[in-house]
Amino acid sequence: MIDIRSISPDQPVRIIIGAGDQDWPGWIPTHREELDLLNPADWENSFRFRRADAFLCEHVWEHLTETDGRFAATTCFRWLKPGGYLRCAVPDSHFPDKEYQQMAKVGGPGPKTHPAADHRIVYDYVLFSDIFAQAGFDVDLLEYCDEQGRFHYNQWSPDDGPVYRSLLMDHRNQDGIIKNVSLIIDAKKPA
Ligand SMILES: C[S@@+](CC[C@H](N)C(=O)[O-])C[C@H]1O[C@@H](n2cnc3c(N)ncnc32)[C@H](O)[C@@H]1O
């Protein structure tokens, strides 16, 4: 359980879900063991009467089935304040790079011990947007590839939630060559 009550009422509640090693300033990293997207009791116990201002979740949703992803979206919707948002990034099925798709594919690249071995789905922007729209969110696409593999970037600020595997932050994107990006959305709960 994370103790949201220990955050002063005048401080924003900004939570990283499935943080792994990520620890960004101003954000509280959480892990599946304490805040499982598929375990409503974790959320009840952590939040109770408080709601989050923002959630950040990078490369987690692809580890859930589509059905579980839809369930997780409704959970995030429930525990956000009106006007709050979830910034969420996953691998992009339209990104035209063979190596990237080899890593992203369902089951991962091979060894069962690989971190991507439990990839359950590879999203494109249409399906991923639908997951959150159906949960009640307004969806804003920040980075994605279209059906022709063209990359689209709509200016966004890491101050509102850094995503490492993104055009500007990933060290592999250099000299005008894009090697690693994500499908990134802001899912906003209407005010
Ligand atoms: C590839 S790692 C990404 C870690 C980190 N967000 C990053 O971008 O480096 C996938 C993470 O998803 C988490 N995860 C998987 N299923 C989850 C669930 N049901 N609820 C919360 N986190 C989950 C795992 O524990 C793991 O930390």
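**Close-up views of a predicted model**

The shell around the ligand is made up of 6 nonpolar, 6 polar and 3 charged residues (Ala, Val, Leu, Ile, Met, Phe, Trp, Tyr, Cys and Pro count as nonpolar, Asp, Glu, Lys and Arg as charged, and the others, Gly among them, as polar). This is a predicted model, in which local features need pLDDT of at least 70 and side-chain atom pairs count only at pLDDT 80 or more, while totals for chains, interfaces and linings use all residues. Residues are numbered from 1 along each chain as its sequence is written.

**View 1. Around the ligand.** Here 15 residues surround the ligand (a residue is near a molecule if its C-beta atom, placed from the backbone, lies within 6 Å of it). The closest are Gly 18, Gly 20, Arg 32, Leu 37 and Glu 58.

**View 2. The largest nonpolar core.** This core has 44 residues; such a core is a set of buried Ala, Val, Leu, Ile, Met, Phe, Trp, Tyr and Cys residues joined through C-beta atoms within 7 Å. Several elements each supply at least two of its residues, including strand 3 (52–58), helix 2 (66–79) and strand 4 (80–90). Strand 4 gives the most, with 6 residues. Helices (H or I, at least four residues) and strands (E, at least two) are DSSP runs, numbered from the N terminus. Phe 55, Leu 86 and Leu 183 have the most contacts inside the core. Leaving aside neighbours within four places in sequence, Phe 55 is in contact with Ile 15, Ile 17, Cys 76, Leu 80 and Leu 86 (contact: C-beta atoms, placed from the backbone, within 7 Å).

**View 3. One face of helix 4.** Look for Tyr 125, Phe 128, Ile 131 and Phe 132, which are buried in helix 4. A residue is buried if 20 or more other C-beta atoms lie within 10 Å of its own, exposed if 12 or fewer, and partly exposed in between, with C-beta atoms placed from the backbone. Seen down the helix axis, the buried residues fall within an arc of 125 degrees, so they line one face of helix 4 (the arc is that of the directions from the helix axis to the C-beta atoms). They pack against helix 2, strand 4, strand 5 and strand 7.

**View 4. Strand 5 and its partners.** Strand 5 and strand 7 run antiparallel, joined by 5 bridges (strands pair if DSSP finds at least two bridges between them). Leu 141 stands opposite Ile 185 in strand 7. Strand 5 also pairs with strand 6 (residues 151–153) in the antiparallel sense, over 3 bridges, and Tyr 144 stands opposite His 152 in strand 6.

Methods
Contact = placed C-beta atoms within 7 Å.
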